[in-house]
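Work through these exercises on charged side chains. Keep the sequence and the 3D view at hand.

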Amino acid sequence: MTSESVQIDAPQPAVPAQQFTQLFSATRRGARLARLLAVEQLAAWGWPRDGERTDAAALVVAELAANAAVHGRLEGRGFRLGLGLLPDGRLRIEVTDPRGERPVSGACREAEEGGRGLVIVDALAANWGVRPHRPSGKTVWAEISPACPRVRR
Ligand SMILES: Nc1ncnc2c1ncn2[C@@H]1O[C@H](COP(=O)(O)OP(=O)(O)OP(=O)(O)O)[C@@H](O)[C@H]1O
Ligand SMILES: [Mg+2]
């Protein structure tokens, strides 16, 4: 999917068959912990720890969590990671932070430093987007399809 097709304010997706949510501190450590716990949860759902889909999901969680900790941070507030297994086999990843500002896809900022996180998300996720979180903040979501793109190890 290209950055031009990123969905904004997408409707609420289907209800997951299995779910996991956890709050983390908006720090680098919190972001690392989010990635580790995501892999643990996927393993509990039967995903092989060294599988390509697990690697892809871990990378997407890591980038979205890092963004929440760095760009979505508000003093005294954390971010929330949600994982949902949909009945058709898709994995939905949701990262909710308290800031209203929206991500700017790295594809629009090629000349600048950084800006790789969302390019990685765009490459690995079948879909991703942003929706407002009431009463404040936003949720950045991404879906990993059952047939996962190859992850370079
Ligand atoms: N959760 C967020 N809240 C607010 N702004 C965000 C959020 N995530 C990303 N952004 C904005 O989108 C830009 C692009 O994010 P992206 O992850 O691609 O790059 P980066 O975080 O700047 O650098 P890198 O991920 O390569 O370390 C960020 O620089 C930031 O301005
Ligand atoms: Mg980033």
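Partly exposed means a relative accessible area between the buried limit, under 20%, and the exposed limit, over 50%. The model is predicted.

**Exercise 1.** Classify Glu40 as buried, partly exposed or exposed. Then do Arg49.

*Solution.* Step 1: Glu40 has 40% relative accessibility, so Glu40 counts as partly exposed. Step 2: Arg49 has a relative accessible area of 49% and is partly exposed. Step 3: the two side chains meet in a salt bridge, 2.7 Å from N to O.

**Exercise 2.** Which residue forms a salt bridge with Arg90, and how far apart are the closest N and O atoms?

*Solution.* Step 1: the partner is Asp88, with the closest N and O atoms 2.8 Å apart. Arg90 is partly exposed at 24%. Asp88 is partly exposed at 45%. Step 3: look for further links. Asp88 and Arg90 belong to a salt-bridge network that includes Glu143.

**Exercise 3.** Find the salt-bridge partner of Asp97. State which parts of the chain the pair ties together.

*Solution.* Step 1: Asp97 bridges to Lys138, with 2.5 Å between the closest N and O atoms. Asp97 sits in strand β4, residues 91-97, and Lys138 in strand β6, residues 138-144, so the pair ties together parts 41 residues apart in sequence. Step 3: classify both. Asp97 and Lys138 are buried, which means under 20% relative accessible area.

**Exercise 4.** How many salt bridges does a search of the whole structure find?

*Solution.* The search finds 8. Among them is the Asp97 to Lys138 pair.

Conventions
Residues are numbered from 1 along each chain as its sequence is written. Chains are lettered from A and ligands numbered from 1 in the order in which they are written. This is a predicted model: local features need pLDDT of at least 70, side-chain atom pairs count only at pLDDT 80 or more; totals for chains, interfaces and linings use all residues. Side-chain values use heavy atoms; hydrogens and water are left out. A salt bridge is a side-chain nitrogen of Lys or Arg within 4 Å of a carboxyl oxygen of Asp or Glu. Buried means under 20% relative accessible area, exposed over 50%, partly exposed in between (1.4 Å probe, protein chains only). Helices (H or I, at least four residues) and strands (E, at least two) are DSSP runs, numbered from the N terminus.
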